[in-house]
Amino acid sequence: MTLLEAVDVRKFYGETCALDGVSLRVDAGEFVSIIGPNGAGKTTLVNVLTGLTVPTSGRVTFKGVDVVGATPVRLARLGMARSFQLVTIFPGLSVGETLAVAALARLGRSARPFTALARDLEVRAAVDDVAALFGLADKLGRAARTLPQGDKKLLDVASAFALHPDVILMDEPTSGVSTADKTVIMETLVQAARRMGIRAIVLVEHDMDIVFGYSDRIVALHQGRVLADATPAAIRADAAVVATVLGIAAVPGPTQPATVSNSPPTGEPAPRTPLQ
Ligand SMILES: Nc1ncnc2c1ncn2[C@@H]1O[C@H](COP(=O)(O)OP(=O)(O)O)[C@@H](O)[C@H]1O
Ligand SMILES: [Mg+2]
């Protein structure tokens, strides 16, 4: 079942063509990664898919509903949430309050003074649930801005998960953190997605170990176009993608993680599917 679909999307910024006829489908159960060099259009594509950016032309539907230019609240109600490439931590809020803002949006409540919020059992339960899934339970009272970078990223992703979306889109959730922290973040969010019953993940990611280790499907963008849209095994075997997007050194080699299949595309066992 197709959840999210973009058809022939174009986006111009003045003379710059950021997206040049991109079509993309995300089905239930899929973990889809979007890769490509800087400036390829990855963030613009996520922005178009999540309503933030109105495309110059083309169509975007979520569960069959037109979502071009839709507000975050409308998308959250439909079942779509996202995290950002740059963490948006409200400077004045604690970890618990940051998660409460997202929980409030999901529960359809208007924001109220946080003193009242703290007594709201439904909001507190929602905050406690998501904090537990993301290892933030013992940091709820801490000012969000004082968290280490890895925890800030987790908080940003957790805020999106607090909306209990069907589909979550994440723009480089592991950027700016150490390799060890990257692994923690990815394992945490995949576990949380499974436990919450999230139906599909769209990930923009530069780390090819992560991309090849987790994805059911990889969409390679180059200069605003889809260069390839295929399984990790097929992407690895695609000379044009390897040369243009990945660079030989960046393709996970013999030291790749155990989750990455080394077999050729034909006759290989079904790849690991993180959401199933
Ligand atoms: N708000 C904007 N105004 C003007 N140009 C933009 C804007 N956002 C992106 N671009 C341009 O669109 C192209 C794609 O950018 P982006 O989607 O950020 O790529 P990526 O995320 O793959 O690095 C780039 O050439 C970038 O300079
Ligand atoms: Mg980007």
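A crossing of two helices is right-handed if the near helix is turned clockwise from the far one by less than a right angle, and left-handed if anticlockwise. In this model, helix 3 passes helix 6 in a right-handed crossing. The structure is a predicted model, in which local features need pLDDT of at least 70 and side-chain atom pairs count only at pLDDT 80 or more, while totals for chains, interfaces and linings use all residues. Residues are numbered from 1 along each chain as its sequence is written, and chains are lettered from A and ligands numbered from 1 in the order in which they are written.

**Overall composition**

- The protein chain holds 10 helices and 10 strands, where helices (H or I, at least four residues) and strands (E, at least two) are DSSP runs numbered from the N terminus.
- Of its 276 residues, 42% count as buried; a residue is buried if 20 or more other C-beta atoms, placed from the backbone, lie within 10 Å of its own, exposed if 12 or fewer, and partly exposed in between.
- Among contacts with a separation of 6 or more, 70% join residues 24 or more positions apart, a contact being two C-beta atoms, placed from the backbone, within 7 Å.

- An open sheet of 6 strands has the order 6-7-8-3-9-10 and mixed pairing; two strands pair if DSSP finds at least two bridges between them.
- Strand 6 (80–83) and strand 10 (225–230) are the edge strands, each pairing on one side only.
- Neighbouring strands of this sheet are turned by 15° against each other on average, direction ignored.
- Strand 6 runs parallel to strand 7 (residues 167–171), and 4 bridges join the two; Ser-83 has Met-170 in strand 7 as its bridge partner.
- Helix 10 (residues 239–246) lies across strand 3, strand 9 and strand 10, at about 125° to strand 10; axes are lines fitted to C-alpha atoms, for helices over the stretch in contact, and angles run from 0 to 180 degrees between N-to-C directions.

- The order 2-1-4-5 describes an open sheet of 4 strands with antiparallel pairing.
- Strand 2 (16–27) and strand 5 (65–66) each have a single partner strand, so one side of each is left without a neighbour in the sheet.
- Strand 1 (residues 2–13) and strand 2 run antiparallel and are joined by 9 bridges; Ala-6 is paired with Leu-24 in strand 2.

**Helix 1**

- Helix 1 packs on the four-stranded sheet, touching strand 1, strand 2 and strand 4 (57–62), at about 120° to strand 1.
- Helix 1 (residues 42–49) also lies across strands of the six-stranded sheet, including strand 3 (31–35) and strand 7, running at about 150° to strand 7.
- Gly-51, with a positive phi near 80°, follows helix 1.

**Helix 3 and helix 6**

- Helix 3 (residues 95–107) packs against helix 6 (residues 149–161) at an angle of about 30°, with the axes 8 Å apart.
- The two helices are therefore roughly parallel to each other, as angles under 35 degrees count as roughly parallel, over 145 as roughly antiparallel, 65 to 115 as roughly perpendicular and the rest as oblique.
- Val-95, Thr-98, Leu-99 and Ala-102 of helix 3 meet Leu-155, Ala-158 and Ser-159 of helix 6.

**Val-219**

- Val-219 lies in strand 9 and counts as buried, with 25 C-beta neighbours inside 10 Å.
- Beyond its neighbours within four places in sequence, Val-219 is in contact with Leu-24, Val-32, Ile-34, Val-226 and Asp-229.
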